Amino acid sequence: MIAATAFGIFFTPVFYIAAKKWLAREHDHEAADAEEEAREPRWQGCNLAPQYRQPIAPVSATYPEAASGTRTAAEIGWREFFADEQLKAYIAAALANNRDLAQAVARVAQARAQYRIQDAQRLPALDATAGASRTRVPLNSLGFGNAIPGAGNADNPTSITYNQFSLGARVSSFELDFWGRVRNLAEAQRRQYLATVEAERAFRLSLVGQVAATYLQIRAAEEQIALAEQTVTSRRDGLSIAKRRMDAGVTSSVDYDQAAALLTQAETQLAELRRTVAQSQNLLTVLVGGPIATPLPAGRRLGDQNQFAAIEPGLPSALLVNRPDVLQAEQQLRAANANIGAARAAFLPSISLTGLAGFVSPALSSLIDGNSRQYQVQGAALLPSSTGGVVTRS
């Protein structure tokens, strides 16, 4: 153990310098990430992860036609964009009660907890220990049982009994992160957490859009139902007129049958529209998380002016940067880069420290005493040699 520790401590600086030179040669063609350099302290050692370089979006610089709005969509919230108060009430209920959105929010909390757990590995784990024991050891187990004349009396006992009390703190297996393995694992988990946040934002926007689309479909279908009902009334009047004309002998039964077919067609369209509205209403109820108990404000007609706020599209590249799904993919790519750094660090030796400090005494009264102090410091070095290709494939 001492030889392995000395070997690891002696050769770790050599590996460190070699890795720094290799990493510098590999990344000469990559631009430095200013955000990461500002966030990471200089003393954290070598980082074997490839530096992230944001790709240039393959889109045009401007749109072919200018819009009338003065602000982009990212600057306008849904309450400001939609003017229909009833639609706003449905969207607010969906954001508060939708179960799928609640699952997305819970996944964000789960990813945050996983990141904190992984990030805690960068610090030493300090445990407080306390113990008390009473031990009886037979002398014959030590080879003295038959060698002591008169064993068994008070002067020559057949066993040894002693107490031991301990109190202290210990650090178990703290890895010195020379190659950034632990740091890159924490960074990968942080990026996964940020990707989950963007996924929740994307689902929230999708939910708002789906509620708005369903609501507008219902309003459009209701107006179509009103028109279809008028059509059915007109077809019934036409059928009544055709019946009278046929009874009077003015026309033949062909005109009457044609009027009856038109009435049947209009009634079929009306029934289909009512079925569509019922389905859309059921979908809207599911999206908002159940029926809304409070009275809803009156809705606007689709033909009303200022139904939606005017927006300015902005630059195509800025639109991509503001899209949550694009940001989610970018965070996932950054997490993959950090995992590459952790996988590269697995080829290099790792050094871990273990420490213990406290008090040990045979009597509780003298436990907290200067003569009862104890400590232990231990280092271990591990250099992977043969793993069956696991490290290489990682």
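Guide: A crossing of two helices is called left-handed if the near helix is turned anticlockwise from the far one by less than a right angle, and right-handed if clockwise. In this predicted model, that term applies to helix H6, which passes helix H9 in a left-handed crossing. Helix H9 comprises residues 324–345, and the axes of H6 and H9 come within 8 Å and cross at roughly 165°. Angles over 145 degrees count as roughly antiparallel, and the crossing angle therefore makes H6 roughly antiparallel to H9. Sorted by class, the residues in the contact of H6 with H9 are 13 nonpolar, 7 polar and 7 charged.

Helix H6 spans residues 181–247 and helix H7 spans residues 253–287; their axes come within 8 Å and cross at roughly 160°. H6 and H7 are therefore roughly antiparallel to each other. The handedness here is again stated from the side of H6, which passes H7 in a left-handed crossing. The contact of H6 with H7 is made up of 22 nonpolar, 9 polar and 8 charged residues.

An unreviewed UniProt entry assigns a "coiled-coil region" to residues 256–283. In the model, the span 256–283 is 100% helix and 0% strand, and its end C-alpha atoms lie 41 Å apart.

H4 and H6 pack with their axes 10 Å apart, at an angle of about 140°. H4 and H6 are therefore oblique to each other. The crossing of H4 and H6 is right-handed.

The structure holds 6 aromatic pairs. One of them is formed by Tyr90 and Tyr215, whose ring centres are 5.8 Å apart and whose planes stand at 45°, so the pair is tilted.

An open sheet is formed by 4 strands in the order S1-S2-S3-S4, with antiparallel pairing. S1 and strand S4 (373–382) are its edge strands, each pairing on one side only. On average, neighbouring strands of the sheet are turned by 25° against each other, direction ignored.

The pairings can be followed across the sheet. Strand S1 (residues 126–138) is joined to strand S2 (residues 159–176) by 13 bridges, and the two run antiparallel. Within this pairing, Arg136 stands opposite Thr161 in S2. S2 then pairs with strand S3 (residues 350–361) over 10 bridges, also in the antiparallel sense. Here Val171 has Gly355 in S3 as its bridge partner. S3 is in turn joined to S4 by 10 bridges, and these strands run antiparallel. In that pairing, Gln378 in S4 is the bridge partner of Thr354.

Terms used:
Residues are numbered from 1 along each chain as its sequence is written. This is a predicted model: local features need pLDDT of at least 70, side-chain atom pairs count only at pLDDT 80 or more; totals for chains, interfaces and linings use all residues. Side-chain values use heavy atoms; hydrogens and water are left out. UniProt positions are given in the numbering used here, feature names are shortened, and annotations may be inferred rather than shown by experiment. Axes are lines fitted to C-alpha atoms, for helices over the stretch in contact, and angles run from 0 to 180 degrees between N-to-C directions. Angles under 35 degrees count as roughly parallel, over 145 as roughly antiparallel, 65 to 115 as roughly perpendicular and the rest as oblique. Ala, Val, Leu, Ile, Met, Phe, Trp, Tyr, Cys and Pro count as nonpolar, Asp, Glu, Lys and Arg as charged, and the others, Gly among them, as polar. Two strands pair if DSSP finds at least two bridges between them. Rings of Phe, Tyr and Trp (its six-membered ring) pair if their centres lie within 6.5 Å; planes under 30 degrees apart count as stacked, over 60 as edge-to-face and the rest as tilted.
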